[in-house]
Amino acid sequence: MANTEVKKNSVVGGILGWFKKTFDAKYWDSLKFSLYCLTHPLDGFWDLTHEKRGTYAAANTILFATVLVRLLNLKYTSFVIQTVYWEDLNVWLYIASILFPLALFVIGNWATTTLFDGKGKLGQVYIGTCYALTPYPLMQVPLMILSNGLTVNEAQFYTVLSAISLVWCGLLLIAGMGQIHEFGGAKNILFLVFSLFAMLVMIFILMLFFSMITQGIGYFYSLYREFLFRA
Amino acid sequence: MMKKPLHFQIKRIGAVLAAAAIGILSVPMHSDAVEHRSYTYIYDYWGDVQDTPDVYEVFKVFTSSELGLPERLNNPSGIYQHDGYVYICDTGNNKIVVLATDPDLGLVYDHEFSSIKLAPGPSNLSGPTDIAISEDGNIFIADKGNNRIVKVDSNLNYLMQFDLPVDTALSPDTIFLPNKLVVDTAERVYCISDGINKGLLKYEADGTFAGFIGATKAPYDLWDYIWKKFATQEQIDRMPVDVPTEYSNIYMDYEGFIYASVPVSDAQALDDLKVDSVRRLNLLGNNILVNNGNWLNCGDIYWGSAGGYSGPSSFSDVTAFENDIYVCLDRNRGRLFGYDDQGRMVFGFGGNGNMDGYFRRPVGIEHIGYDLLVLDQADCSITYFVLSDFGQNIYNAIDQFDRGEYEASGESWQRVLDADGNYDLAYIGIGRSLLRQERYKEAMEYFELKYDDENYSKAFKEYRKEWVQSHLFITVAIILLVFLIPLGIEKYRSMKIEIATSDVFRFPDPEDNMTREEIREYHKKQRQEFKEREKAKKEARKLAKMGSNR
């Protein structure tokens, strides 16, 4: 009894309490489950949706970490590995260059698979895709630190490890999509290719849409100008 | 130190205003032309144009009347400097004009000659295009109109001549049109002949032909090859023929290597690294030019069509100083490009125009000490460039480094940096000077500023070695911890199980009076039971966990 009272009054206890309230055990467990998915992709991604081991909160966290690590990479990776032309860098565009293809993939994948017996819902595809990104922040942070201790000749180590992190992400994505949609190997690959096509189609439509909008606005604007001149 | 004349500066200001006016008046003008505000520039690590102070300044432009020549120069095509004398090949007037150098006036007319004595063939020169002088003072003249290279002594007495070689590689109707030549210390002659694209013609000192060296590769394209397989004969005839480019000019440097310039016109081939703009040939004709710069040593790296000029820089001549900086002359845009021994850009300046320091058709470049002479064929003039204070600091820094005066070199580079904070080589130069002084940490900072990863790695390697040595205890401790902690945890776990399952803690009841066999059996059973208990515990924990997740 006395013990709990001390805990309640102490700062540490307060913070712990806040954490417990904010991030419930479910959140931590689902986040920890991403580590299980790293090494057990088939089993892990099956449980992710079918056993509801994954959460949006954890998926968002992984995505946020990925974007954050990518941004930190720009600044803290040694210039021996990569040089950044800061004058030309737009951080928001750079972030969008990660998030936009991801969003396209999620929507494209869901749109194609849902027509062909894919069991995954849009949200599940999103969670699965985000969980598949786990190796990226996990490997890139140590690599970022490592890069600052490398010379040109040793840069190969970095390149190989960095490639491994990306390939790992790719394999997880393939495994994950297969399990979420309950597809077999061949069908899964086929629909991943379809998803890529769907992405292209969406980009095409978006470009068409924006150019039409621009034309439309341009038309009404010139009409307005004409009106001003004549009035 | 000679200062830039005032009239030149006024002209420059006029040029800027004129350029601005043209920029406003003509709408479809490429922005590149307006961006080049400064006369001298370099390309930085990113390929951005960085204005720099002038490395070379025009001392004077020498025209025929300025020199007091008896006859106006007519279509001069060759310039050569030997022992303080400058030889101009006045091709149109069939003679060679000799100018003396003067510390105050620059160049003064000395004499000229148009004929040679005791020649078995024609004694008058016909359209001489180049001249070279050996160490013994013998003069070699590319007498193009007479289809020969003549060798005469210093009094112009005929010694011997070099003719078209008898070689199966040449078609029988080839005409010998020697255009450019150089002579090495053993009086071997290397020559470029119009219409022969198999490389340089090499003659031994006794006049025998020693073969072709340094042929440029013909650009080869797989796509072209496939396309030609399907094209009709008429189509093939209309296609551009892939022949190896001829060299435009050659220069023998102080070490006896031949610098050769290539007039590149195919931008795609340059992009694909299939052609070199400039080469340095060894005795076997192999290109030994180092190209470690951030950008190719091909002159301009942006080929925007501005002012009526398009395509890559096309070098018409090259010259090399004794500090291994070589200067290429671009006849396309009338610019000069200097590169150091690593192929890094030192300067680029010039342009097409009528003002001092600009050219109309530059064909030849030579140097006296570190001063540059550029021969303009259309203008019939020689532009005399002198090194500016800024350029002097650059050259001092390079020379001092080569001599091993690293600290002084660093100071010279610092002076360069004070004048121009965007000069990449200065940062790298200071870094290299610090590297030699074993101040690795500071050197690394300078290299990092200009992204020189090779030198940075050299410095960093030493710095890392030093750091490890001075922090030996921590390094060893970290390495040990990295390996020992996981090992320790593993060991701890297995020991825990070992202790828990050990026979020592579970004895059979002594009253049972067991035999040895029975005791062994008992222990076995105990271990089995323990393992099962542990397993059950684990299972329960897992279940509880899953329950909490639901």
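Reply: Two residues are in contact if their C-beta atoms, placed from the backbone, lie within 7 Å. With that in hand, let's start at Gly195(B): leaving aside its neighbours within four places in sequence, it is in contact with Thr174(B) and Leu177(B). Before going on, note that this is a predicted model, where local features need pLDDT of at least 70, side-chain atom pairs count only at pLDDT 80 or more, and totals for chains, interfaces and linings use all residues. Residues are numbered from 1 along each chain as its sequence is written, while chains are lettered from A and ligands numbered from 1 in the order in which they are written.

Back to our glycine. Thr174(B) is 21 residues away along the chain, yet its C-alpha atom is separated from that of Gly195(B) by 7.7 Å. You'll find Gly195(B) in the loop between strand 13 (189-193) and strand 14 (200-203) of chain B. Helices (H or I, at least four residues) and strands (E, at least two) are DSSP runs, numbered from the N terminus. A residue is buried if 20 or more other C-beta atoms lie within 10 Å of its own, exposed if 12 or fewer, and partly exposed in between. Gly195(B) has 12 such atoms around it within 10 Å, so it counts as exposed.

Now zoom out to the whole chain. Chain B holds 13 helices and 25 strands, and 35% of its 550 residues count as buried. That brings us to nonpolar cores: sets of buried Ala, Val, Leu, Ile, Met, Phe, Trp, Tyr and Cys residues joined through C-beta atoms within 7 Å. The largest one has 111 residues, and those with the most contacts inside it are Ile88(B), Leu181(B), Ile250(B) and Val318(B). Helix 9 (residues 424-436) of chain B gives the most to this core, with seven residues. Take Val318(B) as an example: beyond its neighbours within four places in sequence, its contacts include Tyr251(B), Val278(B), Leu329(B) and Ile365(B). Apart from this core lies another, of 27 residues, among them Cys37(A), Ile62(A), Cys130(A) and Leu192(A).

Ile62(A) takes us over to helix 5 of chain A, where it is buried along with Ala58(A), Ala59(A) and Thr66(A). Looking down the axis of helix 5 of chain A, the buried residues fall within an arc of 105° (taken from the directions from the helix axis to the C-beta atoms), so they line one face of the helix. On the face turned away from that buried side sit the exposed residues Phe64(A) and Lys75(A). The buried residues of helix 5 of chain A pack against helix 3, helix 7 (122-132) and helix 8 of chain A.

Helix 8 (residues 135-147) of chain A has buried residues too, including Tyr136(A), Gln140(A) and Leu143(A). What covers the buried residues of helix 8 includes helix 3 (25-39), helix 5 (56-76) and helix 9 (155-181) of chain A.

Last stop: where do the two chains meet? Eleven residues of chain B are in contact with ten residues of chain A. Helix 11 (453-470) and helix 13 (516-549) of chain B each supply at least two residues of the side of chain B that touches chain A. Helix 11 of chain B gives the most to that side, with six residues.
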